Amino acid sequence: QVQLVESGGGSVQTGASLRLSCAASGRTFSSYRMGWFRQAPGKEREFVASIYWNDTSTDYAASVKGRFTISRDNAKNMVYLGMNSLKHEDTGVYYCAARRVGSTAYVYWGQGTQVTVSS
């Protein structure tokens with residue numbers, strides 16, 4: 001059974017940093033692209049960043065480029081999202097997700113971790 005478990009969320013002030021972690025288990029993710037998404041209250045879930053499991057190819061939403069960094073540790077089956085210079089609009093539930101390379105659909109999702117940024 002595939003499991004994605006996020007951790008590392010919290011309540012911080014504007015300008016602070018956080019690092020989110022996603023622990024993946026249940027299968028080999030070498031052919032998967034891993035992504036981070038977020039959902040703010042009253043808004044639709046949106047893409048934040050993604051990375052191929054087996055290389056360093058990354059992609060970021062324009063709103064976070066230059067502030068967030070996605071990375072992975074293959075040996076530990078972990079994916080991370082480093083977030084710097086946090087803004088109030090970064091507030092939301094952050095989800096880790098996985099999709100098979102060549103597919104457009106993220107099929108595995110974690111339960112989410114809350115990030116709250118206050119001024």
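A residue is called buried under 20% relative accessible area, exposed over 50% and partly exposed in between, with a 1.4 Å probe and protein chains only. By that criterion, buried residues account for 43% of the 119 residues in the chain. The model is a predicted one, in which local features need pLDDT of at least 70 and side-chain atom pairs count only at pLDDT 80 or more, while totals for chains, interfaces and linings use all residues. Residues are numbered from 1 along each chain as its sequence is written, and side-chain values use heavy atoms, with hydrogens and water left out.

**Overall architecture**

- The chain contains 0 helices and 11 strands, where helices (H or I, at least four residues) and strands (E, at least two) are DSSP runs numbered from the N terminus.
- The radius of gyration, taken over C-alpha atoms, is 13 Å, close to the 14 Å that the globule rule gives for 119 residues, so the chain is as compact as a globular protein of that length. The globule rule is 2.2 Å times the number of residues to the power 0.38.
- Along the principal axes, the C-alpha atoms fill a box of roughly 40 × 25 × 25 Å.
- Of the contacts (heavy atoms within 4.5 Å) between residues at least 6 apart in sequence, 55% join residues at least 24 apart.
- The accessible surface, from the Shrake-Rupley method with a 1.4 Å probe, comes to about 6,100 Å², and 45% of it belongs to carbon and sulfur atoms.

**Salt-bridge network**

- The whole structure holds 3 salt bridges, each defined as a side-chain nitrogen of Lys or Arg within 4 Å of a carboxyl oxygen of Asp or Glu.
- Arginine 38 meets glutamate 46 in a salt bridge, at 2.6 Å from N to O. Arginine 38 is buried at 5% relative accessible area, whereas glutamate 46 is partly exposed at 35%.
- A salt bridge also joins arginine 38 to aspartate 90, with the closest N and O atoms 2.9 Å apart. Arginine 38 lies in strand β4 (residues 32-39) and aspartate 90 in the loop between β8 (78-83) and β9 (92-100), so this pair ties together parts that are 52 residues apart in sequence.
- Arginine 67 lies in the loop between β6 (58-60) and β7 (68-73), so its pairing with aspartate 90 ties together parts that are 23 residues apart in sequence.
- Aspartate 90 has a relative accessible area of 0%, and arginine 67 is buried at 11%. Through shared partners, the salt bridges join Arg38, Glu46, Arg67 and Asp90 into one network.

**Aromatic pairs**

- The search of the whole structure finds 5 aromatic pairs. Rings of Phe, Tyr and Trp (its six-membered ring) pair if their centres lie within 6.5 Å; planes under 30 degrees apart count as stacked, over 60 as edge-to-face and the rest as tilted.
- Phenylalanine 37 and tyrosine 106 are edge-to-face, at 4.9 Å centre to centre and 80° between the planes. Phenylalanine 37 lies in strand β4 and tyrosine 106 in the loop between β9 and β10 (108-109), so the pair ties together parts that are 69 residues apart in sequence.
- Both phenylalanine 37 and tyrosine 106 are buried. Tyrosine 106 also forms a tilted pair with tryptophan 109, at 6.2 Å and 55°.
- Tryptophan 109 is partly exposed, at 30% relative accessible area.
- Ring pairs link Phe37, Phe47, Tyr106 and Trp109 into a cluster.
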